[in-house]
Amino acid sequence: MFENSRILYDRAAKVIPGGVNSPVRFFNPFPFFAAYANGSKVTSSDHISYVDYCMGYGSLLLGHAYTEVLEAVKLQLDSGSLYCIPTEKEVRLGEMIAELIPACEMTRVVNSGMEATMNAVRLARSYTKKNKVIKFEGCYHGAQDYSLVNIDTSGHSAPSSSGIPKEFSSETIVVPFNDFAQLEEEIRKRNDISCVILEPIPANMGLVVPEKEYLNFIRKITLEKNIVLIFDEVVTGFRLGTGGASEFFGIKPDIVTFSKSVANGFSLATICGRRELLEQFAPTGDVYQASTYAGNPVAVTAAIATISALTRGRNQIYPRMTRVCDSLIDGIRDVARDRKIPCRINSFSSMYQLFFTTREVRDMTSAKTSDLDMFNTLFTALLEKGVFIPPSQFETCFLSYAHADEDIDRTVEAYDYAFNLMRSKK
Ligand SMILES: Cc1ncc(COP(=O)(O)O)c(C=O)c1O
């Protein structure tokens, strides 16, 4: 059944570490290989079509191969793919973002979420002349030295990857999400904090929702202590609405990073924020940030087309995605109840994740109470039924504008099949 993928994986493992170009793509015994994708579906090299809830880890908000974006990109390709000379389109993109997001007076375009968050922190350190960074346990900001940090068993910051010096991770303080007291304690007891960086709705420990007033509390205390607040909206930007989480929650961070949904599957990210902060970037300021591919006309064209489609269609697109997601979750809850499977589902807008636990999931500690064997059974059973979710409990499932009621029916049936399998195993 997976013969073509198996052959490709055997070839891949010889020339690509682990056979994949990003570790989250691997799952046992080997991942299926994608051949093409359209709308809400991805088709494997084994000619199997899956309803996709990974959607490029949230990048394909409008769906795979969205015509308007692809047409704009095809036109651009005839005029070249890289100039390394400024273009009018880059100006237009900056203007569009400034118009949509009050916190974003200026924008610098880069290529990936990691590049965006890394440079956002560099700006904050330069601006405050302080070094320490506060991040939240379970929030992910890209595979870079200061953010691949965990709390070790003795309660100290430690690198969560080999190859990162302890000296780097010791600059990062990790606190639990949704914990008002610990954050306040860290902030009040020290004077060397440059920034607090967070995913306003964390999507990298499964999905976790901030408690009421939590984001307001963080804004208030960072303002009080002159700490730069960075909203890492690599996932939430343009997904919750055209104004992202900052508009949704009515909070003005100092710096916001976007990627994923901003260019519907093309490689582009942005560092946006207050003029005073952004003007520190060279050549106006002395914070060095540079990239050959930054602002390339292909990705910028995709971003302009995506934002135009989202802005024009926002009254239809966002309510529809939320409605379809809600109906999926209702369906999953119903079959879980019927099959007597204890679980919790966290959801927000067009994102959700299911945890096999009876505890409320509000941070990394509670996310970890989920039964991972059950999650793996779920993942495999869904795959068998033509439904692809991210292969990790600590990722989030994403819907797109292309997901329709027929996908939901198929998906709920697949969850029912998986839950039934779990019951019969017990
Ligand atoms: C919230 C968040 N920030 C940053 C990143 C890093 O983005 P990239 O993979 O484009 O480097 C990710 C990636 O998933 C993310 O979810």
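Me: Is Phe249 buried, partly exposed or exposed?

Reply: Buried means under 20% relative accessible area, exposed over 50%, and partly exposed in between, with a 1.4 Å probe and protein chains only. Phe249 has 26% relative accessibility and therefore counts as partly exposed, and Phe248 is partly exposed as well, with a relative accessible area of 45%. This is a predicted model, in which local features need pLDDT of at least 70 and side-chain atom pairs count only at pLDDT 80 or more, while totals for chains, interfaces and linings use all residues. Residues are numbered from 1 along each chain as its sequence is written, and side-chain values use heavy atoms, with hydrogens and water left out.

Me: How many aromatic pairs does the structure hold, and what describes such a pair?

Reply: The distance of the centres and the angle of the planes describe a pair of aromatic rings. Rings of Phe, Tyr and Trp (its six-membered ring) pair if their centres lie within 6.5 Å, and planes under 30 degrees apart count as stacked, over 60 as edge-to-face and the rest as tilted. The structure holds 19 aromatic pairs. One of them joins Phe32 and Phe388 edge-to-face, at 5.1 Å centre to centre and with 75° between the planes. This pair links distant parts of the chain, since Phe32 lies in the loop between α1 (3-15) and β1 (34-38) and Phe388 in strand β15 (residues 387-388), 356 residues apart; helices (H or I, at least four residues) and strands (E, at least two) are DSSP runs, numbered from the N terminus. Both Phe32 and Phe388 are buried. Phe248 and Phe249 also form an edge-to-face pair, at 5.3 Å centre to centre and with 65° between the planes.

Me: Which residues form one aromatic cluster with Phe32 and Phe388?

Reply: The cluster consists of Phe27, Phe32, Tyr50, Phe379 and Phe388.
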